[in-house]
Amino acid sequence: MLGLRLSILAVGRFGAKDPERLLFETYSARLKPAIELVEVEEKRMAGAARQKREGELLLAAVPPGAAIVAMDGRGEVLSSEALAGKLERFRDQGAGKVAFLIGGADGHDENIRKKAAFCYSFGPATWPHLMVRAMLAEQLYRAATIIDGHPYHRA
């Protein structure tokens, strides 16, 4: 469908009955291959040490050779078409894999932003991190349909 393997790497875990999980799984399953979800946690630390450790855990989970996109409130706000364009460029440049990283409550460690190909934002509002996973899965599915010329996205 898209020609890319997509991963969402996130701090924290879905609960078995979280409604956001069902929404994430619905959109993920529409993509072939489905979006890989990797969840990491660090509960023993606090503050900057925790943020740094969460960043280390996220980076360790990035698939080899994947382009990194940091979900960050200070990042670029993109239309669905612009996101589709970014994904096409990754594919056309031979990336093969793209990993979207969602930080913890304190956001990303600066090291994540430095390693990211770009930082992506859903705007200035603060969103629950579980909801961001579902929204991101939908936007990735929408971007794939834009690239494929599928009628799901009607501008």
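Visitor: Is K17 buried or exposed?
Guide: In this predicted model, K17 sits in the loop between strand 1 and helix 1. Its relative accessible area is 81%. The cut-off for exposed is over 50%, so K17 counts as exposed.

Visitor: How many Å apart in space are K17 and K115, C-alpha to C-alpha?
Guide: In sequence, K17 and K115 are 98 residues apart. In space, C-alpha to C-alpha, the separation of K17 and K115 is 34 Å.

Visitor: How are helix 1 and helix 5 oriented to each other?
Guide: Helix 1 covers residues 19-30 and helix 5 covers residues 129-148. Their axes come within 8 Å and cross at roughly 20°. Angles under 35 degrees count as roughly parallel, so helix 1 is, relative to helix 5, roughly parallel.

Visitor: Which residues of helix 5 make the contact with helix 1?
Guide: Helix 1 passes helix 5 in a left-handed crossing. From helix 1, the contact uses E20, L23, F24, Y27, S28 and R30. From helix 5, the residues are L130, M131, R133, A134, A137, E138 and Y141.

Visitor: How many residues of the contact of helix 1 with helix 5 are nonpolar?
Guide: The residues of this contact include four charged and one polar. The nonpolar residues number eight.

Visitor: What about the peptide bond from K32 to P33?
Guide: P33 is placed in the loop between helix 1 and strand 2 (36-40). Omega for the bond from K32 to P33 is near 0°. The bond is cis.

Visitor: How are helix 3 and helix 5 oriented to each other?
Guide: The axes of helix 3 and helix 5 are 8 Å apart, and the packing angle is about 75°. Angles of 65 to 115 degrees count as roughly perpendicular. Helix 3 and helix 5 are therefore roughly perpendicular.

Visitor: Which residues of helix 5 meet helix 3, and how many residues of that contact are nonpolar?
Guide: Helix 3 brings S80, E81, L83, A84, L87, E88 and R91. Helix 5 brings Q139, L140, R142, A143, I146 and I147. Of the residues in this contact, two are polar, four are charged, and the nonpolar ones number seven.

Visitor: Which element gives the largest share of the largest nonpolar core?
Guide: This core has 31 residues, and those with the most contacts inside it are L6, L87, V98, F100, Y120 and L140. Elements that give two or more residues to it include strand 1 (5-11), strand 3 (67-77), helix 3 (80-92) and strand 4 (97-102). The largest share is eight residues, and it comes from helix 5.

Visitor: How many residues are in the second, separate core?
Guide: Among its members are V38, V40, L58 and A99. The number of residues in this second core is 16.

Visitor: Is P63 buried or exposed?
Guide: P63 lies in the loop between helix 2 and strand 3. Apart from neighbours within four places in sequence, P63 is in contact with S7, E36, K97 and A99. The C-alpha atoms of P63 and K97 are separated by 7.5 Å, although the two are 34 residues apart along the chain. With a relative accessible area of 16%, and buried meaning under 20%, P63 is buried.

Visitor: Is A48 buried or exposed?
Guide: A48 belongs to helix 2 (residues 47-61). A48 and D109 are 61 residues apart in sequence and 8.1 Å apart in space, C-alpha to C-alpha. The relative accessible area of A48 is 61%, and A48 is exposed.

Visitor: What is the relative accessible area of G47?
Guide: G47 is also in helix 2. The C-alpha atoms of G47 and A105 are separated by 9.9 Å. G47 is partly exposed, with a relative accessible area of 38%.

Definitions and conventions:
Residues are numbered from 1 along each chain as its sequence is written. This is a predicted model: local features need pLDDT of at least 70, side-chain atom pairs count only at pLDDT 80 or more; totals for chains, interfaces and linings use all residues. Side-chain values use heavy atoms; hydrogens and water are left out. Axes are lines fitted to C-alpha atoms, for helices over the stretch in contact, and angles run from 0 to 180 degrees between N-to-C directions. Helices (H or I, at least four residues) and strands (E, at least two) are DSSP runs, numbered from the N terminus. Angles under 35 degrees count as roughly parallel, over 145 as roughly antiparallel, 65 to 115 as roughly perpendicular and the rest as oblique. A crossing is left-handed if the near helix is turned anticlockwise from the far one by less than a right angle, and right-handed if clockwise. Contact means heavy atoms within 4.5 Å. Ala, Val, Leu, Ile, Met, Phe, Trp, Tyr, Cys and Pro count as nonpolar, Asp, Glu, Lys and Arg as charged, and the others, Gly among them, as polar. Buried means under 20% relative accessible area, exposed over 50%, partly exposed in between (1.4 Å probe, protein chains only). A nonpolar core is a set of buried Ala, Val, Leu, Ile, Met, Phe, Trp, Tyr and Cys residues joined through side-chain atoms within 4.5 Å.
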